[in-house]
Amino acid sequence: MAIFWLRILLVLLIMSITPPRSDGQLEQWCIADEQTPDGELQAALDWACGKGGADCRMIQVNQPCYLPNTARDHASYAFNNYFQKFKHNGGSCYFRGAAIITELDPSHNSCHYEFLP
C-alpha cells in the first residue's frame, strides 16, 4: 500500500514542477526507442530523410546535431523533425515501432530538437 501512495506522490510532484503550456497542450518529441536495433533504426532513418521528407541537414558532418554520431541519435533527430512537420497532417511517431513519444526535450548542447504546437 505504501508503494501506491509513493507513486501517487511522485506523479503529483512531477505534475507540479512541469507547468502545462498556456494552450493546455503538452510538448511532445519523437525519438528513437532505445530497444530498437541499429539496423532497424538506420532503415527508418533512411526513409525519414528520404521519402519521408524530414530535414536532416542538422545531422550531417560539422552540423550541430552530428555528434554523437550514432544511428540512435541521428534517427531521433530525423524522427522528431518528421513528426513535428507532419503530425497535424497524419504523420505519426511510429516508424515501424522504432520510435516513441517523450515529453522531455531531447535537445543537447547546440543540437535543438524542434517542437511545433
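This is a predicted model: local features need pLDDT of at least 70, side-chain atom pairs count only at pLDDT 80 or more; totals for chains, interfaces and linings use all residues.
Trainee: How do I read accessibility, and what does Thr 70 count as?

Mentor: Buried means under 20% relative accessible area, exposed means over 50%, and partly exposed lies in between, using a 1.4 Å probe on protein chains only. Thr 70 has 32% relative accessibility, so it counts as partly exposed.

Trainee: What kind of peptide bond joins Leu 67 and Pro 68?

Mentor: Look at omega: a cis peptide bond joins Leu 67 and Pro 68, with omega at about -5°. Pro 68 is also in the loop between helix 2 and helix 3.

Trainee: What about the whole chain: how many helices and strands does it have?

Mentor: The protein chain has three helices and two strands, and from the N terminus on the order is α-β-α-α-β. Of its 117 residues, 32% count as buried. For contacts, look for heavy atoms within 4.5 Å. Among contacts in the protein chain with a separation of 6 or more, 75% are between residues 24 or more positions apart.

Trainee: How should I judge the span of helix 3?

Mentor: Compare it with the expected span, which is 1.5 Å times one less than the number of residues. Helix 3 has 16 residues and reaches 22 Å from its first C-alpha to its last, close to the 22 Å expected.

Trainee: Why is helix 3 described as largely enclosed?

Mentor: Twelve of its 16 residues are buried, so helix 3 is largely enclosed by the rest of the structure. The buried set includes His 74, Tyr 77, Phe 79 and Asn 80. The cover over the buried residues of helix 3 includes strand 1 (29-32), helix 2 (38-49) and strand 2 (99-102).

Trainee: Is Asn 80 buried or exposed?

Mentor: Asn 80, in helix 3 (residues 71-86), is buried, with a relative accessible area of 1%. Leaving aside neighbours within four places in sequence, Asn 80 is in contact with Trp 29, Cys 30, Tyr 113 and Glu 114.

Trainee: And what is His 74 in contact with?

Mentor: His 74 is also in helix 3, and at 8% relative accessibility it counts as buried. Beyond neighbours within four places in sequence, its contacts are Leu 45, Ile 59, Cys 65, Tyr 66, Pro 68 and Asn 69. Pro 68 is the residue joined to Leu 67 by the cis bond.

Trainee: Which residues touch the most other members of the largest nonpolar core?

Mentor: A nonpolar core is a set of buried Ala, Val, Leu, Ile, Met, Phe, Trp, Tyr and Cys residues joined through side-chain atoms within 4.5 Å. In the largest one, with 26 residues, those residues are Cys 30, Leu 41, Phe 79 and Phe 95. Strand 1, helix 2 and helix 3 each give two or more residues to this core, and the largest share, seven residues, comes from helix 3. Leu 41, leaving aside its neighbours within four places in sequence, is in contact with Ala 32, Thr 36, Ala 71, Arg 72, Ala 75, Phe 79 and Ala 98.

Trainee: Which residues other than glycine have a positive phi, such as Arg 96?

Mentor: Arg 96 has a positive phi of about 55° although it is not a glycine. Arg 96 is in the loop between helix 3 and strand 2 and is exposed, with a relative accessible area of 78%. Asn 109, with a positive phi of about 45°, is not a glycine either. Asn 109 lies in the segment after strand 2 and counts as exposed at 84% relative accessibility.

Trainee: Which residues line the second largest pocket?

Mentor: Glu 40, Ala 43, Ala 44, Trp 47, Phe 95, Arg 96 and Ala 98 line it. On a 1 Å grid over the protein atoms alone, a pocket is an open set of points where a 1.4 Å probe fits, with protein on both sides within 12 Å along at least five of seven lines; lining residues have an atom within 4 Å of a point.

Terms used. Residues are numbered from 1 along each chain as its sequence is written. Side-chain values use heavy atoms; hydrogens and water are left out. Helices (H or I, at least four residues) and strands (E, at least two) are DSSP runs, numbered from the N terminus.
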